[in-house]
Amino acid sequence: MKPFHLGWFLQGSSVQAWAEPWTGAIGRDWMVPDLFCDMARALERACFDYILIEDSSYVGESYGGSTELYLKHGLAVPRQDPAVTATLMAAATTRIGIVPTFATFTHPPYLLARMIASLDQASRGRIGWNMVTGSSDVAARNYGLDRLPDHDLRYDMADEYMQVVNGLWDSWEPGAIIADEQTGVLVDHTKVHAVDFEGRWYRTHGPLNSGPCPQGRPVIAQAGGSPRGRQFAATHADTIVASIKGTAGMRAYRDDVRARAAAAGRNPDHVKVLYLVNPCLGETEEEARARFAARKARAEQQVPQLLAFFGKITNIDFTKYDLDAPVDSLDLRTNGHQQSLDDFKRVAGKKPLREALLAYRGSSGSVELVGTPDAVAGQMAEAMEEVDGDGFLISMSDVSRRTVAEIADGLVPALQRRGLARRAYGHAMFRDNLLEF
Ligand SMILES: Cc1cc2nc3c(=O)[nH]c(=O)nc-3n(C[C@H](O)[C@H](O)[C@H](O)COP(=O)(O)O)c2cc1C
């Protein structure tokens with residue numbers, strides 16, 4: 001079996017795991033993201049491919065039409081601009097890929113292309129962009145819009161957006177920078193071109209004044225899950241991140257995006273699909289089981305927070321629903337993260353809302369991983385064998401130096417012993433490491 005690609009899904013440059021055990025003084029110290037820089041170093045020690053910094057740019061207010069719960073519990077707020085965290089993480093490391101999230105409606109293409117190119121330069125070719133189209137009208141209002149465009153239209157616009165930013169990143173031909181001290185020529189102007197893009201939604205002149213990306217173009221990460229979203233991801237992404245319950249669904253998803261990539265004329269092996277998991281480790285099986293039970297018990301205490309969080313990405317006010325009502329009797333629809341809601345409904349079926357929510361959002365990610373590091377490494381191997389996949393995106397609801405060390409210094413060495421994780425980076429730049437196997 002080939003080794004897994006490993007990513008970390010950092011839920012925002014924000015207060016993580018407020019008031020959980022082992023998080024230290026995070027409630028007071030969050031403004032300086034030392035925790036995230038320490039995390040980047042630890043994950044680089046473990047030779048992770050990348051850290052993805054999730055983002056949204058609004059304070060949630062879907063739960064009961066109020067910001068109260070979000071603010072009270074620190075649910076994705078306060079959170080800093082991921083460009084700042086990405087810069088500091090890049091400065092703290094030399095090999096790991098850093099993938100901040102930016103939405104198409106928050107940044108005009110030129111601004112985005114220039115910022116990402118600058119980050120790629122400053123990190124010596126280690127930047128990715130998690131490309132999202134947004135999920136909330138509340139966020140849209142922060143940017144002067146009345147509401148987000150409809151779900152599928154957002155992806156049509158995003159296709160054009162990609163054309164623009166790719167044009168800008170390509171506006172510097174390879175070899176344009178000569179830096180010839182003899183002739184005094186820094187840049188060969190014949191190799192730097194205007195873009196002059198005029199589309200349906202976007203216009204730009206170009207060329208990009210930041211100069212080129214060391215990687216040519218940054219690594220594109222995407223998480224489209226709906227049919228339209230998958231089509232988009234398969235067309236543009238170097239790595240697709242997915243949260244799908246169960247190996248059958250994971251496999252079907254991967255087969256589908258790979259087929260779509262091939263149909264779009266791409267090599268499907270150049271699209272690495274990573275699945276979200278939330279491993280629960282212990283020194284013994286008993287300890288791991290006990291921690292898993294404690295995690296579930298904590299989730300049961302936090303049903304309103306789970307509903308508020310799910311409601312934030314789907315724009316649904318879950319206070320309106322009876323927690324004992326079967327999910328399939330509820331008219332749940334969204335113009336936000338459509339696939340997340342569809343997958344939830346698929347898995348939930350007739351289960352009561354509360355029970356379904358706890359099963360879906362309360363515990364473990366795509367597959368349940370519980371045990372000693374070696375046992376979990378075995379469970380990951382089994383899952384990957386069934387899925388025929390590329391790797392995992394680790395996510396921890398209780399991010400702390402302790403949980404990061406459990407992964408970096410416990411789980412990853414166990415994977416390495418089985419030949420399932422790299423022991424050293426093969427390349428200096430992010431995409432080259434992603435394409436290494
Ligand atoms: C692992 C993962 C990470 C995601 N990160 C973000 C994010 O940071 N910001 C955001 O607005 N959406 C994020 N999304 C949502 C996706 O961009 C997408 O909207 C969602 O998966 C639903 O797919 P669809 O848009 O095709 O319905 C993420 C989704 C997944 C599965």
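**Reading the calls in a predicted model**

Q: Why is N315 called partly exposed?
A: N315 has a relative accessible area of 33%. Buried means under 20%, exposed means over 50%, and partly exposed is in between (1.4 Å probe, protein chains only).

Q: What makes the backbone of N315 worth a look?
A: N315 has a positive phi of about 60 degrees, although it is not a glycine. Most residues other than glycine have a negative phi. N315 sits in the loop between α11 and α12. Helices (H or I, at least four residues) and strands (E, at least two) are DSSP runs, numbered from the N terminus.

Q: Which position does C47 take, and is C47 buried or exposed?
A: C47 lies in the loop between α2 (34-45) and β2 (50-53). Its phi is near 60 degrees, a positive value in a residue other than glycine. The relative accessible area of C47 is 7%, so C47 is buried.

Q: How do you know that T314 is buried?
A: The relative accessible area of T314 is 1%, which is under 20%, so T314 counts as buried. T314 is found in helix α11.

Q: Which residues does T314 touch?
A: T314 touches R333, T334, H337 and L341, not counting residues up to four places away in sequence. Contact means heavy atoms within 4.5 Å.

Q: What makes I98 a buried residue?
A: I98 has a relative accessible area of 0%, so the buried label applies. I98 belongs to strand β3 (residues 97-103). Leaving out residues up to four places away in sequence, its contacts include I51, I53, M89 and F430. The C-alpha atoms of I98 and N130 are separated by 9.8 Å, and the two residues are 32 apart along the chain.

Q: How many aromatic pairs does a search of the whole structure find?
A: The search finds 11. Rings of Phe, Tyr and Trp (its six-membered ring) pair if their centres lie within 6.5 Å; planes under 30 degrees apart count as stacked, over 60 as edge-to-face and the rest as tilted.

Q: Why is the pair of Y161 and Y202 called edge-to-face?
A: The ring centres of Y161 and Y202 are 5.3 Å apart, so the rings pair. Their planes are at 90 degrees, which is over 60, so the pair is edge-to-face.

Q: What does the pair of Y161 and Y202 tie together?
A: Y161 lies in helix α7 (residues 151-169), and Y202 lies in the loop between β7 (197-198) and β8 (203-204), so the pair ties together parts that are 41 residues apart in sequence. Both Y161 and Y202 are buried. W129, Y161, W169 and Y202 form one aromatic cluster.

Q: Why is the pair of F310 and F344 called edge-to-face?
A: The ring centres of F310 and F344 are 5.1 Å apart and the planes are at 75 degrees, so this pair is edge-to-face. The pair links distant parts of the chain: F310 is in helix α11 (residues 303-314) and F344 is in helix α12 (residues 338-348), 34 residues apart. F310 counts as buried, at 0% relative accessibility. F344 is buried too, also at 0%.

Q: How do you know that K312 lies over the face of Y58?
A: A charge sits over a ring if NZ of Lys or CZ of Arg is within 6 Å of the ring centre and within 35 degrees of the ring normal. K312 is at 4.2 Å from the ring centre of Y58. That is within 6 Å, and K312 is listed as lying over the face.

Q: Which peptide bonds are cis, and where are their prolines?
A: A cis bond joins V77 and P78, with omega about -5 degrees. P78 is in the loop between α3 (68-73) and α4 (82-91). A cis bond also joins G206 and P207, with omega about 0 degrees. P207 lies in the loop between β8 and β9 (219-222). Most peptide bonds are trans.

Note on methods
Residues are numbered from 1 along each chain as its sequence is written. This is a predicted model: local features need pLDDT of at least 70, side-chain atom pairs count only at pLDDT 80 or more; totals for chains, interfaces and linings use all residues. Side-chain values use heavy atoms; hydrogens and water are left out.
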